[in-house]
There are 2 protein chains.
Amino acid sequence: MGKLKFSASVSLDGFSAGPDQSRDNPLGVGGRALHEWAFATRTFHEMQGQEGGETGVDDEQAGAWSHDTGATIMGRNMFGPIRGDWGDEAWNGWWGDDPPYHTPVFVLTHHAREPVEMQGGTTFHFVTDGIEAALERAREAAGGLEVSIGGGAATVRQYLRARLVDEMRIHVMPVLLGGGERLLDDIGGAIDDFELVELVSSRAAAHFTYRRRGEE
Amino acid sequence: MGKLKFSASVSLDGFSAGPDQSRDNPLGVGGRALHEWAFATRTFHEMQGQEGGETGVDDEQAGAWSHDTGATIMGRNMFGPIRGDWGDEAWNGWWGDDPPYHTPVFVLTHHAREPVEMQGGTTFHFVTDGIEAALERAREAAGGLEVSIGGGAATVRQYLRARLVDEMRIHVMPVLLGGGERLLDDIGGAIDDFELVELVSSRAAAHFTYRRRGEE
C-alpha cells in the first residue's frame with residue numbers, strides 16, 4: 001500500500017504560508033520566499049521544462065520524491081480561492097493547462113464536481129466524503145506508488161491528526177514571516193509518531209526528514 | 001559599545017520551552033531535549049569542568065560566543081520560579097554556587113533586591129527600571145565585551161520588539177513539543193532588521209545565525 005507523505009516549507013517562525021492569503025497572493029504576504037530554496041534547483045527547472053538549475057543538497061531534496069508519487073491530495077483552499085459551490089466551474093487551479101502534478105489529484109471539498117482532465121497527466125477529482133475516502137481513492141489511483149499531500153497546511157494537519165502520514169519532509173527557511181498559517185499547530189500526540197531520519201542543510205534551507213516509527 | 005546578542009534553541013514547531021514549566025521542570029515538559037545538541041559538545045563539557053566532548057559544527061556553535069561575553073541579562077522567570085517579592089531571599093538561581101555565566105548577570109524584576117555574589121565571577125544584579133536600563137548597566141559592566149540575553153523567550157522578545165538586538169543564533173532541533181512558549185511570536189516588524197549570515201547543520205540541529213542589517 002503506497003505510503004502517504006508530504007513535503008512542506010516553513011519559515012523559521014513556523015509558518016507555511018504568509019498572512020493575508022488571497023487570489024492575488026495565494027501563498028500569503030512573503031509566502032513565496034518559503035520556496036526559494038527549490039526554485040534554483042535542477043529538479044524545479046525540469047518541472048518547468050527549463051534547462052539548467054543547481055544540483056546538490058537542495059536539488060536532492062526537491063527530487064527525492066518526484067518519481068515515486070502516483071497520486072496527490074490537496075485541500076480546497078490550495079486548489080483555488082473560490083468558496084462555496086463551484087459556480088460556472090471555470091476555475092481549474094492556479095497552475096495553467098499543464099499543472100506540475102502529472103498524477104490524479106484528489107481535491108477535498110464539500111461541493112461535488114465532475115473530474116477535470118488537464119494536460120500532462122493531471123486530472124482533478126473532487127472528493128466530498130472526507131480525508132479517509134480521499135486517501136483510499138488516491139491509493140487506488142496511485143497503483144502501488146506513493147500518495148503525496150500537496151497541501152495546504154490545514155489539510156496536512158488533518159492527516160497528521162488522523163495518524164495517517166508515513167513520511168514528512170520539512171524545509172525550514174531562514175525567513176521570518178511574523179504571521180500566517182502554522183504547519184504544525186494543534187496536531188496533538190501525532191508528534192510522537194515520527195523519528196528523524198535525516199537532517200541536512202544548504203545555505204538556503206535546513207531539511208528535516210521524518211518517518212513513522214517502525215516503518216522502513 | 002558591546003553588541004547585544006542571544007542564542008536560543010527552538011523546536012521545529014517554534015517553541016523555546018515546553019508546556020507546563022514549573023520548579024521541577026524549568027524548561028517545561030520535553031524542553032530539555034531542545035538543548036541536547038549542546039550537551040555533547042566539548043564546550044559544554046568544559047563549562048561543566050569535564051574532560052572530552054565532541055568537536056565539529058555543534059561545538060563551534062556552542063563556543064562561538066563564550067569568550068566575547070562580558071555581561072548577561074535574563075528575565076525574572078529564567079532566574080527562578082518565585083513570583084512577587086523575594087521573601088527570605090534564599091533563591092539564588094537554578095545553577096548552584098558556581099553558575100555557568102561567569103559574568104555580571106542583570107535580572108529583570110519588579111522587586112528590588114541587593115546584588116548576590118556567587119562563585120566563579122557570577123554576580124546577580126536586580127534591575128527594576130526596565131530593559132533599557134538593564135542593557136545600559138550590562139554594557140557598562142561588560143567593559144567593551146558583548147552582552148548576552150540569557151533568556152527566557154519573553155525577555156528575548158522584549159529586546160527584539162525594542163529593536164535592540166544586534167545578533168542572534170537560533171538552533172532548530174528536530175523535536176516537536178506541540179506546545180509551550182514560542183520564541184519568535186509577536187515581534188512585529190523587528191523581523192525585518194536581520195539578515196542571515198550563516199546556516200549550518202549537524203545531525204543534531206540546524207543553526208541559523210542572523211545579524212542586524214548594516215552591521216559587521
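In this predicted model, the charged end of B:R76 sits over the ring of B:W86, 3.6 Å from the ring centre. In chain A, a charge is placed over a ring by A:R113, whose charged end lies 5.0 Å from the centre of the A:W86 ring. A:W86 also belongs to an aromatic cluster, together with A:F79, A:W95, A:Y101, A:F124 and A:F126.

Over all chains there are 16 aromatic pairs. One of them joins B:F39 and B:F44, with 5.0 Å between the ring centres and 55° between the planes, a tilted arrangement. The angle falls between the 30 and 60 degree limits, so the pair is classed neither as stacked nor as edge-to-face. B:F39 is partly exposed at 21% relative accessibility, and B:F44 is partly exposed at 22%.

**Relation of the two chains**

Chain A can be laid on chain B by a turn of 180° and a shift of 0.0 Å along the axis, with an RMSD of 0.0 Å. The two copies are therefore related as by a two-fold rotation axis. Of the interface residues of chain A, 100% are also interface residues in chain B, so the copies meet through the same surface.

Helix α5 of chain B covers residues 131-142, 12 residues in total. From first C-alpha to last the helix reaches 16 Å, close to the 16 Å expected at 1.5 Å a residue. Its buried residues are B:I131, B:A133, B:A134, B:L135, B:A138, B:R139 and B:A142. The elements covering these buried residues include strands β1 (4-11), β3 (69-75), β4 (104-108), β6 (123-127) and β7 (146-151), and helix α6 (153-161), of chain B. Just after α5 of chain B, B:G143 takes a positive phi of about 55°.

In chain A, strand β1 (residues 4-11) contains A:S11. A:S11 has a relative accessible area of 1%, so this serine counts as buried. Beyond residues up to four places away in sequence, A:S11 touches A:L34, A:V172, A:M173, A:V175 and A:L177.

**Backbone geometry**

Most residues other than glycine have a negative phi, and most peptide bonds are trans.

In chain A, the bond joining A:G151 and A:G152 is cis, with omega about -5°. A:G152 lies in the loop between β7 (146-151) and α6 (153-161) of chain A. In chain B, the peptide bond from B:G151 to B:G152 is cis, with omega near -5°, and B:G152 lies in the loop between β7 and α6 of that chain.

**Surroundings of B:D193**

The side chain of B:R163 also takes part in a polar contact of 3.4 Å with the side chain of B:D193. B:D193 lies in the loop between β9 (181-182) and β10 (194-201) of chain B. Leaving aside neighbours within four places in sequence, B:D193 is in contact with B:R163, B:R211, B:R212 and B:R213.

Methods. Residues numbered from 1 in each chain as written. Chains lettered and ligands numbered in written order. Predicted model: local features only at pLDDT ≥ 70, side-chain atom pairs only at ≥ 80, totals over all residues. Heavy atoms only, no water. Phe/Tyr/Trp six-rings, centres within 6.5 Å; stacked < 30°, edge-to-face > 60°. Buried < 20%, exposed > 50% of the residue type's maximum accessible area, 1.4 Å probe, protein only. Lys NZ or Arg CZ within 6 Å of the ring centre and 35° of its normal. Helix = DSSP H or I, 4+ residues; strand = E, 2+ residues; numbered from the N terminus. Polar contact = N/O pair within 3.5 Å; in protein donor to acceptor, adjacent residues only side chain to side chain. Contact = heavy atoms within 4.5 Å. Expected span 1.5 Å × (residues − 1). Least-squares fit on C-alpha atoms with pLDDT ≥ 70 in both.
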